[in-house]
Amino acid sequence: MCMKICQNEPIIEDWVSTVGDVSEPIVVMGICGSYDLDSANGRMLEIMLEECEALGAETVIWDHGSYPLPLVGAEGCWEDENVKGFQEMAISADAFVLSSPEYHGTMSGVMKNSLDWLYSKHTSGKVFGLICTLGGQSSNNTLNHMRIAARWIHGWVTPEQVAVPNIKHAFEEDGSLVDESIKSRVSDMASSIVHNTVKLRR
Ligand SMILES: Cc1cc2nc3c(=O)[nH]c(=O)nc-3n(C[C@H](O)[C@H](O)[C@H](O)COP(=O)(O)O)c2cc1C
């Protein structure tokens with residue numbers, strides 16, 4: 001339901017000897033803080049998850065545009081089928097990538113409401129990687145706020161994180177990132193997510 005799955009080669013053999021059973025590929029779930037995946041944050045998730053796939057992970061993305069989540073507390077929300085699908089996808093995931101636009105100095109409402117639907121029973125002991133995009137200059141506010149929320153649902157947030165400032169100028173026409181230092185941060189974070197997820201799943 002509402003996901004993209006990619007399978008790749010098993011995680012590099014070196015790890016098998018050092019981190020135990022990795023016969024089952026890890027699953028990384030992307031959660032977008034913009035409603036539409038055809039957005040800067042949708043594109044950042046795609047780029048990050050492609051890097052995770054190159055390291056042997058399977059990936060899935062929740063599509064808010066096609067399967068919107070009701071606000072927590074809205075009428076009928078506790079029986080909502082999209083919420084059930086979202087939580088089941090989270091249970092099946094070993095790690096998460098959160099990518100949110102900065103809105104008024106913090107994460108978007110879409111991202112906060114998504115996190116409000118996740119409890120420690122879905123996320124406890126799982127790795128989180130964080131991305132934020134900004135219309136203006138770089139800032140850690142949204143990243144820090146998502147770090148606090150992920151901690152509250154017992155996630156292990158990687159120290160690596162990615163902020164993409166001046167978002168209107170961040171992508172080439174083909175959708176690749178303009179800035180080499182941001183590309184390198186994306187690679188470092190993907191590596192940290194996959195390696196640390198394998199370690200935690202030992
Ligand atoms: C309601 C609103 C508030 C915003 N607040 C900020 C802000 O505080 N700082 C900033 O740099 N950009 C701000 N922006 C710009 C967004 O961060 C930018 O449009 C977004 O990162 C683009 O990502 P998207 O294509 O995934 O929506 C704001 C945009 C909106 C719509």
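How do the residues of the shell around the ligand divide into nonpolar, polar and charged? In this predicted model, the shell divides into five nonpolar, eight polar and one charged residue, where Ala, Val, Leu, Ile, Met, Phe, Trp, Tyr, Cys and Pro count as nonpolar, Asp, Glu, Lys and Arg as charged, and the others, Gly among them, as polar. Because the model is predicted, local features need pLDDT of at least 70 and side-chain atom pairs count only at pLDDT 80 or more, whereas totals for chains, interfaces and linings use all residues. Residues are numbered from 1 along each chain as its sequence is written, and side-chain values use heavy atoms, with hydrogens and water left out.

- Among the 14 residues around the ligand (a heavy atom within 4 Å), Ser34, Asn41, Glu102, His104 and Thr133 come nearest.
- Strand E3 (95-103) and helix H2 (40-54) each supply at least two residues of this shell, and E3 gives the largest share, three residues.

- Oxygen atoms of the ligand lie 2.8 Å from a backbone N or O atom of Glu102, 2.9 Å from a polar backbone atom of Ala40 and 3.0 Å from a backbone N or O atom of Gly105.

Conventions. Polar contact = N/O pair within 3.5 Å; in protein donor to acceptor, adjacent residues only side chain to side chain. Helix = DSSP H or I, 4+ residues; strand = E, 2+ residues; numbered from the N terminus.
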